[in-house]
Amino acid sequence: MAWNEPGKNDGQRDPWGKNNRPSGNTPPGLDQLLKRLRQRFGKLGGGPGGIFTIVLAVLLAWLLVSSATVINTSQTGVVLRFGKYSRTLTPGFHFKLPAPIETVAKVETTRIRAQVGQVRMLTSDENIISVAYNVQYQVSDPRQYLFSTNDPDDTLAQAAEAAVRSVVGSHSMDKILTSPGDDPDSLPASAASASAATAAKLAAAKPGKDDRVTLQQQTLDALQHTLDSYHAGLQVTDVSFQNVAPPD
């Protein structure tokens, strides 16, 4: 009988043996394998429920991170709610509403900042004098520091120059050059030779209300008054004249 002769046991005569395998042990196809994998790992992200779980976990992690903030001991935190001032935070660990609802601006309030400058001006007796000065200050009100002026540090620099010009320019040269402990022999030669009368005044000058320390204090007071009128949130701690002399 030929191998392809019709009969009841045609499958057994198949030379490739495709029909000789038991029907219960047929290996799964690729589609069935993928289906089983999706069923097994669907809860971890393969199915709609898994995707929702992943998104929820990421959202919770983001809320936790953005809702906590740490303010250092040298800082003060200013909480902004939709860009508007909400409250002030002291040093420590704090919770807030997540960004972008609330954000925190951290301001260094204990650090001493410094501005240096030099101006040349006319004194009240019409002499030219050059003054190099140093201003030290710190932030006293973080809220005003952030919102009252566009650039508080630049505002202080301009206000300091104006204060020095106002105070120093209203005094005569001999009063400006005289300070506690000044030795007339150590004064600049150009100042000593300005006139015989000026040199005599310098030699006989004694510390008083118009000495250099007083001028520095007057400059500090004038500068602080200007900053307070601007609500700059800055406190001036010291003003010193580094070099006061007529130009060469």
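**A nonpolar patch and an antiparallel sheet**

In this predicted model, Phe52, Leu56, Leu59, Leu60 and Trp62 make a nonpolar surface patch of about 510 Å². One of these residues, Leu56, is placed in helix H2, which covers residues 48-66. Leu56 has a relative accessibility of 38% and therefore counts as partly exposed, since that class lies between the under 20% of buried residues and the over 50% of exposed ones.

The protein chain contains eight helices and eight strands. Of its 248 residues, 32% are buried. The chain exposes about 15,800 Å², and 55% of that area comes from carbon and sulfur atoms. Among contacts with a separation of 6 or more, 64% are between residues 24 or more positions apart.

Turning to the strands, an open sheet is formed by three of them, in the order S6-S7-S8, with antiparallel pairing. Strands S6 (113-122) and S8 (234-245) stand at the edges with a single partner strand each, so one side of each is left without a neighbour in the sheet. On average, neighbouring strands of this sheet are turned by 25 degrees against each other, direction ignored. Strand S7, spanning residues 128-139, pairs with S8 in the antiparallel sense over 10 bridges. Val139 has Leu234 of S8 as its bridge partner. Helix H8 (residues 212-230) packs on the sheet and touches both S7 and S8. The direction of H8 makes about 140 degrees with that of S8.

Notes
Residues are numbered from 1 along each chain as its sequence is written. This is a predicted model: local features need pLDDT of at least 70, side-chain atom pairs count only at pLDDT 80 or more; totals for chains, interfaces and linings use all residues. Side-chain values use heavy atoms; hydrogens and water are left out. Two strands pair if DSSP finds at least two bridges between them. Helices (H or I, at least four residues) and strands (E, at least two) are DSSP runs, numbered from the N terminus. Axes are lines fitted to C-alpha atoms, for helices over the stretch in contact, and angles run from 0 to 180 degrees between N-to-C directions. Contact means heavy atoms within 4.5 Å. Patches are made of residues with over 30% relative accessible area and no salt bridge: like charges are joined within 9 Å, nonpolar side chains (Val, Leu, Ile, Met, Phe, Trp, Tyr) within 5 Å. Accessible areas come from the Shrake-Rupley method with a 1.4 Å probe; for residues, only the protein chains shown count as cover. A salt bridge is a side-chain nitrogen of Lys or Arg within 4 Å of a carboxyl oxygen of Asp or Glu. Buried means under 20% relative accessible area, exposed over 50%, partly exposed in between (1.4 Å probe, protein chains only).
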